[in-house]
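I opened my notebook beside the viewer today and wrote down what I looked up, entry by entry.

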Amino acid sequence: AGMMGAGIAFVSASAGIEVVLKDISLAAAEKGKAHSATLLDKKVARGQLSSEQREAILARILPSENDADLAGCDLIIEAVYEDRELKAKVSSAAQKVVGAQAVIASNTSTLPISGLATAVPDQTRFIGLHFFSPVEKMPLVEIIRGTRTSDETLARGFDFVLQIKKTPIVVNDSRGFFTSRVFGTFTNEGIAMLGEGVSAAMIETEARKAGMPIGPLAISDEVSLSLMSHIRQQTAKDLLAEGKPLIEHPAFAVIDLLLNEYKRPGKAAGGGFYQYPSGGQKYLWPELKTRFETADGQISPKDVRDRLLFVQAIETVRCLEEGVLTSTADANIGSIFGIGFAAWTGGALQFINQYGVQDFVARAQYLAEQYGERFTPPALLLEKAARGETF
């Protein structure tokens, strides 16, 4: 019943669905329900709902600390934090109560669904339903199909997403799926530029000029650097088990500095890349200037903007190439509605189309030479350029 679970309960109850909101204590579950009450109070105050409607929606949410209360649920959505063992424990306990017919879903943002599915006896009934924060505002749900997810389970997941009036995209299983992978390239690129000595204010300003709703440093504070570090450690652990190394990124060193040396894990802790004065406007932490910025580290505003957009578009092409994405439409809709990719572009792949595929490849090659091989155009992109095709 944390931020995500509380939001999912709210949109489900608002759509007329009976919800059991379970947490480790009744107090935590009640707190999750209170989130819905707060959102509904605002709607009543604005004249969008009557008091009776507010009461009816709240009455559909049952806060609980007991797995037994889940009996009769058709769909379980687990929304605990990104820890494989904890997710397995929660999903398994719920599945034992609801039985064989229910769909078990995980709201994971990064962990592969096929691995999480092993926690339940019938893996055909396991699926990923990745919501975005804040749930009540974000229009997208990324539906992740595991290697064993059945067509019926996929259809039921799709129906549920439409029932709660969200836009579904379907992606195949991989680490980080589509949206989290692409989102991660955006935040990492901004943080890497800071590490190179580029002015923090310029990074944030140019991100907004490029059409992103918020700068990479500000959004990293919202997500929290400690969560980013935690996800990286879980990924490294999983890759090690597969006999693969974690690909190092220049952003990692900067994140570790802020976390371990400067003790600035993000917004919730009172400070990350920004300062958060109580009751005042946030502002960039002044020390960023003295600790990171260098005179010879400045690059052109155009390069800042292009690095932030290109790195996301290139990762999107990789997702299509690997079969994580199965359509250009899902890529474009998902990039705009899920991660706020610059809306003027029409989406991450449409951005490449309108830039001109050959021109995009040439610019990407320049960026790769200047700033690192993560900008190297994938084979699929080179094929499209050679054939004169668009996405």
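**Entry 1: charges over rings.** I began with lysine 282, which lies over the face of tyrosine 274, 5.0 Å from the ring centre. I also found the charged end of arginine 232 over the ring of phenylalanine 252, at 4.2 Å from its centre. My rule for a charge over a ring: NZ of Lys or CZ of Arg is within 6 Å of the ring centre and within 35 degrees of the ring normal.

**Entry 2: ground rules.** I am reading a predicted model, so local features need pLDDT of at least 70 and side-chain atom pairs count only at pLDDT 80 or more, while totals for chains, interfaces and linings use all residues. I number residues from 1 along each chain as its sequence is written, and side-chain values use heavy atoms, with hydrogens and water left out.

**Entry 3: the whole protein.** I noted 17 helices and nine strands. These are DSSP runs numbered from the N terminus, helices being H or I of at least four residues and strands E of at least two. The C-alpha atoms fill a box of roughly 60 × 50 × 45 Å along the principal axes.

I then looked up burial: 52% of the 391 residues count as buried. Buried means under 20% relative accessible area, exposed means over 50%, and partly exposed is in between, with a 1.4 Å probe and protein chains only. For contacts (heavy atoms within 4.5 Å) between residues at least 6 apart in sequence, 69% join residues at least 24 apart.

**Entry 4: aromatic rings.** I counted rings of Phe, Tyr and Trp (its six-membered ring) as a pair if their centres lie within 6.5 Å; planes under 30 degrees apart are stacked, over 60 edge-to-face, and the rest tilted. By this rule there are eleven aromatic pairs. One of them is phenylalanine 351 with tyrosine 355, edge-to-face at 5.9 Å centre to centre and 65 degrees between the planes. Both belong to helix α15 (residues 348-355), four residues apart, about one turn of the helix. A reminder to myself: an α-helix has 3.6 residues a turn, so residues three or four places apart point the same way.

Are the two partners buried or exposed? Phenylalanine 351 is buried at 3% relative accessible area, whereas tyrosine 355 is partly exposed at 27%. Tyrosine 355 also pairs with phenylalanine 360: the centres are 6.0 Å apart and the planes are at 90 degrees, so this pair is edge-to-face. Phenylalanine 360 is buried, at 0% relative accessibility. Ring pairs link Phe310, Phe341, Trp344, Phe351, Tyr355 and Phe360 into a cluster.

**Entry 5: isoleucine 352.** I stayed in helix α15 for isoleucine 352, which is buried at 0% relative accessibility. What does isoleucine 352 touch, not counting residues up to four places away in sequence? I listed Ala313, Val317, Val357, Phe360, Leu381 and Phe391.

**Entry 6: helix α8.** In α8 (residues 200-209), I marked Ala200, Met202, Ile203, Glu204, Glu206 and Ala207 as buried. The buried residues of α8 pack against several elements, including α7 (179-196), α9 (216-223) and α13 (301-321). After α8 comes glycine 211, with a positive phi near 110 degrees.

**Entry 7: strand β3.** Strand β3 runs parallel to β4 (residues 103-106), and four bridges join them; I call strands paired if DSSP finds at least two bridges between them. The bridge partner of isoleucine 77 in β4 is alanine 105.

Entry 8: Most residues other than glycine have a negative phi, and most peptide bonds are trans. I found a cis peptide bond from serine 133 to proline 134, with omega near -5 degrees; proline 134 is in the loop between β5 (126-131) and β6 (140-145). Lysine 165 has a positive phi near 65 degrees, in the loop between α6 (151-163) and β7 (167-172), and is exposed at 69% relative accessibility. Lysine 263 has a positive phi near 50 degrees and lies in the loop between α11 (250-261) and β8. At 61% relative accessibility, lysine 263 is exposed.
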